[in-house]
Structure formats: C-alpha cells, structure tokens
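Q: I would like to learn how to read features from a protein model, one at a time. Could we go through this one together?

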Amino acid sequence: MKKLFRTFLALALACVVFFNSSEAFAYGEYYYDAEVYLATIPYTTTSEYKEWYADWQLGDNTDSAKIILTPGDSPDSLNFCWYTEEPSIPQIKIGQTPDLSDGTVFTGAVQSILRSNGTITYHGSNKVTATGLQPNTEYYYSYSGDNGATWSDTYSYFHNENEEYDVLLTTDIQIGSSDNYNADTYAWNKLLGTALSITNHPAFLLSAGDQVDYKTATGDRGLRELQYAGLHYPKALRSIPFVPVVGNHDSRCADGVYHYNTPHSTGLGATEAGCDYFFKKGNALFIILNTNNRKQSDHRKLMKEAISTYPDAAWRIVSFHHDVYGSGEKQSNGTASNMRVIFAPLMDEFHIDLAISGHDHTYSRSYCMYDGTAIQYDDNANLQDPMGTPYVTLGCSSGSTVSILANPKQYYVTERTNAPVGSFGVLHVAGDSLQLKMYDINGAPYADTMTIKKNTLKRSPKDLINTCQTAIAQKSIYTPKSYKTFINAYNSYVGPLNLTAEDDGAELVSVYYGTSEDPLTVYGYYKSNNDALPAGFSTLLDKTRTNSPTMVQGKDLAAKHDRLQQALQNLKKNHLEIHYKGKRVHKNTRIKVPLKKRSKLSIQRSEGKLTIGNSASKWISVSKNGVIRAKKYSKKPARITFSLANISTSFIVTVQKPRKKKKK
C-alpha cells in the first residue's frame, strides 16, 4: 500500500511538474502534501534511459567490486579500495604514460569479507596506497587483485594539488530510496556528468552521507550491494577521489570499512560503517565526522588531532551527515536537532569556517551560527571575515526523494529550497575565499551563490570568551579603572549572544551513547516518542527552539569583539612598591627612623584605594603620602603594612635610640 501511494504521488508530480516544465525548475520553496518519492520516475520513459538501461543490464548492475579512490594521508598519496571474489595480494600500478611503461607497483593488504549482491559473492576487500605523486600531474593506473596475475583496464587520474581548486558536493544519493535503484543509478550518473561539464579536474567528490538506502547489513536478496553497484557505477569515480560521510542509512553495516580506504582513520567516532577522518587539500583542512556516533569526546579528540597535524591550514571545513541547522520537516526538528547538542558546540570550539551536511533531502543555508545565536550580515550570501559558522544542508543528489520544508521556517535559516530535482554543489577553494554554487541535474542554478572571504584571522567568540572568563576570575589583580572598562566591554559583547548555560543534556547524550541509558535510538530519535529531545533536556536545544530566537548583527558584533579584545589587552595589573632612601623595601625589611624627625617613603602604585596598617601607632605614625614620624622611642619594633587590592607589603620599623648629649 505504501509503495502504491509513493508511486501514485510520484507519477502525479511527474505529470504536473516534470513534463510541463521540461525538467526545468526555479529554485525556491515548493509545497507538497507528503514527501515526494520516485522523483526519478520521469527518466524511465525516455529513449535515453531505455538505451542506458539495456547497457546497464549487461553486467554493471551486479558489479559491486568497482575500484574507488580516496585521498591519502599526505598530499602526495592516493588511496584505493575494491572488492574481489577471492582474497589475494592486491596491487596498484601507476605511472605517467598511458601504457604504464613507467609504472610503479604498490602492494597493499586484503581484508576477508563475506558480501553478496544476490548474484556475486565477494570475499576480499583490497586496500592499497600509492605515494610520491607529483602535484598537478596526469597519472594512469591499473589494479590487480591476484598478485599481478591479471590487471584491470587502465584509468586516468589528475593529481590536483593547486592552492585553488573545486570540490564536488553531493549527499543522500541513497540509491534505492525511490524503490527503483536502476532509475536512481541513471539519475546519479547523469548528475555526475553534468557536474563534470561544469568544473574541470575537481580535486575530489564529497558525499555527505546516505550513499545507499537499505538499513540492514545485506538487504533483501542482496539489495544493499546492488545499490552499491549503482552508487559506484559512474565511470567518473575511477578518476575522482570519493570522500564518503557515514549517514544513518550507512551506519549499521560495514560498508564504509569494506568499500573505502579513508585517510587518517584512527577509529575515533566509529560505528560499524567507519569512523571520523581528515585530510588536507591545498590550504584547506577537511574533517569528516560520523554523527551516528554521539561520543563527543571522540570527535573533539579527532578534531584536535586534525588541527594539530595541519595547524597552518587557512580553511577548516567539516562535513557530517545530520543537518544540525537544516530546514526539512522530517528531520531538522527531530533527529538532526538531537545531534545539534553534540556537534554544534564543536564547530564553535574549533571555529570552523564551513559545515556541510545532508540528511533532510532539502537544501538550506543557515546564518553564521554561534552557540545557537544567528549572526546576520548585510549580505548573508557574501560574507567578509564572518564570525560563527555557516551550515549548508545539501539536497538529495539522485533526486530519488524530496522532502517537505519545515513550517514555520526556522529563525536560523537564511535560504532554502526543495525543488523536486537532483542537485549538487561546487565548492571553489582559494587562498582567501570559499565559494559555493549549487546546481540541479540539468546544470541550472539551484540556490544563491555563497561566498566567504577571509582576510584576517577568524574571530573566535569561544576563544575570546574563555580568555575573558579567566580575567574575570582574577578580577582582584587588575586596577579598578581598567577592569571597569573591560567588564563593560565584555557585558556589551556577550549580552546580545545570550550564551547558554552548561549543557548537562549534551553530556548525558555523549556519556550514555550506546548504553541502555542512552536517551536516543540508534538513528538519533528520542526513545520516548521517536522525535526530538524534550524541553528542559538541553540548554542549547531549548535556545534554538524558542519563539524568541537570538539574532545579532554581524558588523555590530565584530566591532564589539574588537573593542573587547582591546579592553582585554589594556587590563593593567595592580602595582605597589615602597622605597626608602633610594632602595626598595621588601617584606620584613628593617628600617630605622630617627626620633621626632620626619622620614619620607616613596610609594609607587596603580590607581586604587591604599590602606595602611600600623601595629604600633602609639610611637609611630604614617601618612597616606608615606611620611613616617617617630613619636617617641620604644624598644619594640613596629610593623607597617601597605595594602592595595590584593597586594600588600609590610616591613619592620624601629625608632633610633636618641643619643645622649655629651657633657661639656
């Protein structure tokens, strides 16, 4: 019944929208009565599809073994992974001539597996790394899964190591989501063809999760591996490194471990499908997080490791699956918002320049976000030295499923669309700018172009606030005047941000992840009602779901940020020194003053109220100007104490015994 309803709805949409519009859509908000399935159905009626389908059925439709490239641990390396029916010694031969006469052979390792697509059973997952690659060089390679006995066809690969380059962005390819994995594969292949006609030699393709649809390990009749046959079918993937993010549909199976050879994979943030990892391309650091793992400490450790490995990266770009600031009705206020409590604080902590996600099958772009506060600029599509992190949720790339947009639109969303067509992004990375352009499957614009320019070190509210809180805890060491200027600047800065309190809920989600006490299901739903975490659970979540959202103007906040930094630098510490007869008086120094004669101390101090303590005021007096007068002789010493704020210094004063007059 469900499948019949999906089919009816899709066909109705096809007749009304696709055919009448010649597959051309204006990006923007579309309104549906239900989630749209089978968005690829219209393709199946064309002669182009029928011709492709006949060729696809000759063997590609059951080939789950195709080789996939991924970035290597270092800029001069490249990783490879593919299946074989029997495990043996895997090899890669790579060189700069098409016949591989200059080829170098690299040997890797095979992992024993048992994976079937219903037609073929695979027992080997092969992983090899090629090193020593020269930047901006065309290479050719072939691979062998039987220790060099037989070799594959030869493929080309351009090792793009420019400082300026393009990245293809996709998500929720989710082959099989439309209940027709053939049509989804066709649409996916067509979309990649369009993408490659728009950009030349993309450095890699990043897919932000849900590569296939089936949630079980093998799927009904091997359907899961058949979906991977569709995912890996495009010939372009033999020449472009593929950067997969673990999605919720990927998380419960070992697909990511078996099909991909990801760089810097230390096991942090792991689920069965894979873990967090990172790599550097040009001047940008890319960090891939597995949001299906809710152990925040793991993700924090991985991000610290990535940043310490590449501390000089000009850009920090993070990708994960759940759209923690997305706008689709189905997920953005449910599973994705539950992930917000874990992952949004990490973007603040490590001042990430751009966060890329999927999950919602709609496109949205947030304002720059910090601690749940939306930071608005005069032109939110053209950001100059922005504060906070903009979050981009990519739409469904295969077009297999298009979701309804949340109503009302969340305050943190500046742009969104759910036009019923597959889409992709092209991220242009340069020395001082990032530019994101979104396209549909036909190459038409799918969203406004977003540009981030950064000419100065990124202002980090998190770092500045932490430094200020340290200064506040040490209030007594600073002069009242400089501290007053500082605290006024601090209150002016943090007041509009409406900072959240310590989030005990986030700690619970992290600590109890994977245990019987876990408040969330394996896919991130709240256990009690299969929805979002309840009010009162998380301070950040409550703040971002409020009817009175926190929004500030970026230009004003930046000015306050700089003013606070200056006030912090201008804090002056309290200072107090006592000198007598040209020498500094230290604690317990003993000085002698003549009887009934004035002696003057030199007092050096910062502003503030000076207090004087005198343990023997009967025979010693001290003025605030430092004049000491011995009133009468006493054998007992007097302790004099000068205090200013948290500084005090004391010394011992004795009165010189008066000399007896000599008799004449």
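Q: Which residues form one aromatic cluster?

A: Please keep in mind throughout that this is a predicted model. The cluster is made up of Tyr 43, Tyr 49, Trp 52, Tyr 53, Trp 56, Tyr 181, Tyr 186 and Tyr 233. In the structure as a whole there are 26 aromatic pairs. One of these joins Tyr 49 and Tyr 53, whose rings are stacked, with 5.9 Å from centre to centre and 25 degrees between the planes. Both residues belong to helix H2 (residues 47-56), where they are four residues apart, or about one turn of the helix.

Q: How is the pair of Phe 204 and Phe 279 arranged?

A: Here the angle between the ring planes decides the label, and planes over 60 degrees apart count as edge-to-face. The planes of Phe 204 and Phe 279 stand at 85 degrees, with the ring centres 5.1 Å apart, so this pair is edge-to-face. Phe 204 comes from strand S11 (residues 204-207) and Phe 279 from strand S13 (residues 277-281), so that the pair links distant parts of the chain, 75 residues apart. Phe 204 and Phe 279 are both buried.

Q: Where does the charged end of Lys 93 sit?

A: A ring can also be paired with a charged group, and for this the position of the charge relative to the ring is what one reads. The charged end of Lys 93 sits over the ring of Trp 151, at 4.9 Å from the ring centre. There is also Lys 454, whose charged end sits over the ring of Trp 315, 4.4 Å from its centre.

Q: What is the angle at which helix H8 and helix H12 pack?

A: A helix pair is described by the angle and the distance between the two axes, and then by the residues that meet. Helix H8 (residues 461-473) and helix H12 (residues 554-569) pack at about 35 degrees, with 11 Å between their axes, and their crossing is left-handed. On the H8 side the residues that meet the partner are Pro 461, Leu 464, Thr 467, Cys 468 and Ala 471, and on the H12 side they are His 561, Leu 564, Gln 565 and Leu 568.

Q: Which residues does Asn 248 touch, not counting residues up to four places away in sequence?

A: A loop residue need not be exposed, as Asn 248 illustrates: it lies in the loop between strand S12 (242-244) and helix H5 (255-259), and at 7% relative accessibility it counts as buried. With those neighbours in sequence left out, Asn 248 touches Asp 210, Asn 292, His 321, His 322, His 359 and Tyr 523.

Q: What is the phi of Asp 179?

A: Backbone angles are read residue by residue, and a positive phi is worth noting when the residue is not a glycine. Asp 179 has such a phi, of about 70 degrees, and is located in the loop between strand S10 (165-170) and helix H3 (181-198). His 201, likewise not a glycine, has a positive phi near 50 degrees and lies in the loop between H3 and S11. Asp 179 is partly exposed at 37% relative accessibility, and His 201 is partly exposed at 32%.

Q: Is the peptide bond from Asn 407 to Pro 408 cis or trans?

A: For the peptide bond one reads omega. The bond from Asn 407 to Pro 408 is cis, with omega near 5 degrees, and Pro 408 is placed in the loop between strand S21 (401-402) and strand S22 (413-417).

Definitions and conventions: Residues numbered from 1 in each chain as written. Predicted model: local features only at pLDDT ≥ 70, side-chain atom pairs only at ≥ 80, totals over all residues. Heavy atoms only, no water. Phe/Tyr/Trp six-rings, centres within 6.5 Å; stacked < 30°, edge-to-face > 60°. Helix = DSSP H or I, 4+ residues; strand = E, 2+ residues; numbered from the N terminus. Buried < 20%, exposed > 50% of the residue type's maximum accessible area, 1.4 Å probe, protein only. Lys NZ or Arg CZ within 6 Å of the ring centre and 35° of its normal. Axes fitted to C-alpha atoms, helices over the stretch in contact; angles between N-to-C directions. Left-handed = near helix turned anticlockwise from the far one by under 90°. Contact = heavy atoms within 4.5 Å.
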